[in-house]
Amino acid sequence: MPTMATSAFPLIKVVDIPGKGKGVVALESIPKGTRILSEKPRIRLSDLRGIDSLSLSEDDLYFFLSFPSHGKDEENPVQSRLKHFLPCVGSVDNAIGLFETICRVNHTCYSPLGRPNALYMWREDLKEESNSDRYPYIFRTSSNASSVLSATEDIAAMEEITVSYLQYNIHTEDPFIYLRRKFGFECSCLGCLRPASARQKSVERIKDFRQFTDGLPARIALGGPLGDPPKSLLDSIEKYILMICAEGYVWQLGSCAHDAFQLCAFHGDADSASKWEALVRDSHEILQGADSPADQKSQKLAAFPKTFREWKVLGSQKLNGPCRANKYSHTSTQSQILVDRGGPGHSPQHRSANRHCI
Ligand SMILES: [Zn+2]
């Protein structure tokens, strides 16, 4: 039973999880933002087609066959297993890696009732950012590619570590149906155990959010008499942040907060812009690490918002920083799921009574 026991990473262990086969648990408490594990692939393929001609050692074949099968394509047991745990592997330019431990981490959906506590990233796709020794976890060549598992929530000792096989992107299809179709398993997370009608309501809210954010850059940039009043657009951004975070997709906070930052920057409100970008910085710090280029960029913008290249292009107007979105700040210890019963359709009068803008 492999136990990852390097001094640089917290202790985790692959164990049997009732109803799920194998899984990974923490053997000690792991604070949010911790890099749990960086793992090189046990088997690396240049592309999926390579699996047919792959000649596996007896040990590697045993490793492959220790995973559950997709349930189809039984004439090729290796291929059917590859399909099953494909979401657990890194993939860039069709190259994939199969990982001894990271491939054992089970899935949890983002939903109003819960979310995964970790995230994995295949670091090879960041190789263009690796020209500095400041980023030792980014691997420079494909032969060094690794997958990095990081804690996105505080994890208690003996708690199961889970990731989303759909990463942290929003999905406009019911995840339960998508996972069954794509990966051949029936998710039993709290979100998927809801009635289909409740899951469908989530899907509709997520589609609404997607439609709003797709049109947002143009609305932010328009300004003038033809555009939305900036304060009302800022209110809308915050309403949608609260809605999507209540759906479990707390990682949308970073990109939405940056939209709010841009709106404030276009209108020359340094104080408000800085407060919005601070939420972006905190998000990047947990997701990508404080030493990541994305985090350093948002650190700079939060501290010096006037360095934004399109500063004050739409004039000068006092707006406001986050009012209620702060509760989802990723460095806050209070960023657990907080179901917001308001939403885009909620009465603005009622909402404004509870306002505590910073
Ligand atoms: Zn689920």
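Axes here are lines fitted to C-alpha atoms, for helices over the stretch in contact, and angles run from 0 to 180 degrees between N-to-C directions. The model shown is predicted, so that local features need pLDDT of at least 70 and side-chain atom pairs count only at pLDDT 80 or more, while totals for chains, interfaces and linings use all residues. Residues are numbered from 1 along each chain as its sequence is written.

**View 1. Helix 6 packed with helix 7.** Helices (H or I, at least four residues) are DSSP runs, numbered from the N terminus. Helix 6, residues 230-246, packs with helix 7, residues 252-266, at an angle of about 175°, the two axes lying 10 Å apart. The pair is therefore roughly antiparallel, a term used for angles over 145 degrees. Residues in contact, meaning that their C-beta atoms, placed from the backbone, lie within 7 Å, include Leu-233, Ile-237 and Ile-244 in helix 6, and Leu-253, Cys-256 and Leu-263 in helix 7. The residues of this contact divide into 12 nonpolar, one polar and one charged, where Ala, Val, Leu, Ile, Met, Phe, Trp, Tyr, Cys and Pro count as nonpolar, Asp, Glu, Lys and Arg as charged, and the others, Gly among them, as polar.

**View 2. Helix 7 against helix 8.** The axes of helix 7 and helix 8, the latter spanning residues 270-288, come within 8 Å and cross at roughly 160°, and these two helices are therefore also roughly antiparallel to each other. Among the residues making the contact are Gly-254, Ala-257 and Phe-261 of helix 7, together with Ala-273, Trp-276 and Val-280 of helix 8. By class, the contact has 10 nonpolar, five polar and one charged residues.

View 3. Glu-277 counts as buried because it has 29 C-beta neighbours inside 10 Å, the cut-off being 20 or more other C-beta atoms within 10 Å of its own. Leaving aside neighbours within four places in sequence, Glu-277 is in contact with His-258, Phe-261, Ser-298, Leu-301, Ala-302 and Pro-305. Its C-alpha atom is separated by 9.4 Å from that of Gly-321, which is 44 residues apart along the chain.

**View 4. The buried face of helix 4.** In helix 4, residues 175-183, the residues Pro-175, Phe-176 and Leu-179 are buried. Seen down the axis, the buried residues fall within an arc of 105° and so line one face of helix 4, the arc being that of the directions from the helix axis to the C-beta atoms. These buried residues pack against helix 5 (196-222). Just after helix 4, Gly-184 takes a positive phi of about 75°.

Key:
Parallel < 35°, antiparallel > 145°, perpendicular 65-115°, else oblique. Contact = placed C-beta atoms within 7 Å. Buried ≥ 20, exposed ≤ 12 C-beta atoms within 10 Å, placed from the backbone.
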